[in-house]
Amino acid sequence: MLTTRSIPIKSEYEIKLMREAGRITSGIMQKLKAEIKPGVNAEYLNEFAEKEIARLKCTPAFKGYMGYTKSLCVSINNEVVHGVPSENKILKVGDIVSIDLGVEYKGFYGDMAVTVGVGKISKSAQHLIDVTKQALYEGIKKAISGNRLGDVSSAVQNYVEKNNYSVVRKFVGHGIGSKLHEEPEIPNFGIPNTGPELKNGMIFAIEPMVNEGSYEVEILNDGWTTVTRDGKMSSHFEHNVLIWGMKPQILTEQ
Ligand code: CO
């Protein structure tokens with residue numbers, strides 16, 4: 001039998017709730033960013049996120065997901081994604097830290113990541129962050145009705161590679177809605193004018209993971225924390241984006 005995999009199209013009601021979920025996620029993210037300073041440990045950030053999520057009567061999306069025990073991923077320097085918070089991971093001047101937050105609100109999900117510097121960071125670290133963020137926006141620009149998924153993926157990849165960095169292959173973005181992960185998978189590499197057509201009402205979590213060196217990654221013994229194989233730095237940004245005509249709408253922005 002043929003398996004059909006379809007990309008959900010959200011109703012007006014679903015879009016309204018996704019907007020709220022996105023706004024809440026982004027609001028908590030702004031508060032988390034303000035907590036990032038030298039001396040702070042990753043578990044403190046996790047608990048800070050949990051308190052904010054509870055205060056807003058929401059649920060952490062990551063806690064319990066496939067056995068993940070925390071509500072936040074905190075990935076420092078050579079850690080790419082899924083850094084498991086612990087008290088002995090202490091932020092220091094010059095680090096770059098990516099925080100990835102997932103929130104469920106009334107059955108709908110927000111999922112967002114940013115990378116920020118701790119105190120003064122090197123020019124090269126700042127450049128990696130800037131390129132990763134811009135790569136996300138290059139992808140978002142192509143998230144318009146009538147385009148195809150490969151247009152988004154290739155825009156991210158081209159921008160990153162033009163800047164002599166690499167895009168991680170092992171992890172990808174995803175559709176998002178009443179589940180954290182929905183169809184389609186959204187790679188940060190691809191070929192223009194290929195893949196499914198984008199239509200109004202689709203919502204995508206676009207999330208480039210960009211490595212300073214090679215794109216190869218390894219997963220540590222905790223089963224989650226993903227690091228670069230060459231030990232160089234990595235950066236990550238994620239937004240949830242509604243396809244709406246020629247004007248993509250970022251749901252995870254204040
Ligand atoms: Co995601």
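Rings of Phe, Tyr and Trp (its six-membered ring) count as a pair here if their centres lie within 6.5 Å, with planes under 30 degrees apart called stacked, over 60 edge-to-face and the rest tilted. By that rule, a search of the whole structure turns up two aromatic pairs. This is a predicted model, so to speak of local features takes pLDDT of at least 70, and side-chain atom pairs count only at pLDDT 80 or more, while totals for chains, interfaces and linings use all residues. Numbering runs from 1 along each chain as its sequence is written, and side-chain values use heavy atoms, with hydrogens and water left out.

**View A. Tyr-44 and Phe-48 make a tilted pair.** The centres sit 6.2 Å apart, with 40° between the planes. Both belong to helix α2 (residues 42-55), four residues apart, so about one helical turn separates them. (Helices, H or I of at least four residues, and strands, E of at least two, are DSSP runs numbered from the N terminus.) Phe-48 is buried at 17% relative accessible area, whereas Tyr-44, at 35%, is partly exposed; buried means under 20%, exposed over 50%, partly exposed in between (1.4 Å probe, protein chains only).

View B. The partners are 156 residues apart, with Tyr-68 in the β1-β2 loop and Trp-224 in the β11-β12 loop.

**View C. Arg-169 lies over the faces of Phe-189 and Tyr-215.** Its distance from the ring centre is 5.3 Å for Phe-189 and 4.0 Å for Tyr-215. The test: CZ of Arg or NZ of Lys within 6 Å of the ring centre and within 35 degrees of the ring normal.
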